[in-house]
Amino acid sequence: MTDNVVLLTETYIQEEGYVVSDMNGDKVMMSIQSGKYYNLGKTGGRIWELLSEGNTIPNLVHTLTAEFTVSPNQCEKHVHTFMQHLYKEGLIKIQES
């Protein structure tokens, strides 16, 4: 994988080293190493939960379209963009087999 690109075929998992809290339905987290703060929001927080044991983008889209009112096409675009951001920030990694 190069250039911080997330792929539909890879399984991603949360990177370690973050303190996560629920604040009024939104997930917020802080990097223990850098002190950087992230507000994942409600949907982003749900994606974060679904990445706790590893997940693929197609599986995330399937779960989210069942839980939220969104088309699969639009959901995939938003999930892919969000995952790109998480990967670029080092919040997720490819799960080793």
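Guide: A term to start with: buried means under 20% relative accessible area, exposed over 50%, and partly exposed in between, with a 1.4 Å probe and protein chains only. This is a predicted model, where local features need pLDDT of at least 70 and side-chain atom pairs count only at pLDDT 80 or more, while totals for chains, interfaces and linings use all residues. Residues are numbered from 1 along each chain as its sequence is written, and side-chain values use heavy atoms, leaving out hydrogens and water.

Visitor: Which residues are buried in helix H2?
Guide: In H2, which covers residues 57-67, Ile57, Leu60, Val61 and Leu64 are buried. Seen down the helix axis, the buried residues of H2 fall within an arc of 100° (taken from the directions from the axis to the C-beta atoms), so they line one face of the helix.

Visitor: And what does the face turned away carry?
Guide: That face of H2 carries the exposed residues His62 and Ala66.

Visitor: What covers the buried residues of H2?
Guide: The cover includes helix H1 (41-50) and helix H3 (72-88), where contact means heavy atoms within 4.5 Å.

Visitor: Switching topic, in what order do the elements run?
Guide: From the N terminus on, they run β-β-β-β-α-α-α-β; helices (H or I, at least four residues) and strands (E, at least two) are DSSP runs, numbered from the N terminus.

Visitor: How much of the whole chain is buried?
Guide: Of its 97 residues, 33% count as buried, and the C-alpha trace spans about 35 × 35 × 20 Å along its principal axes.
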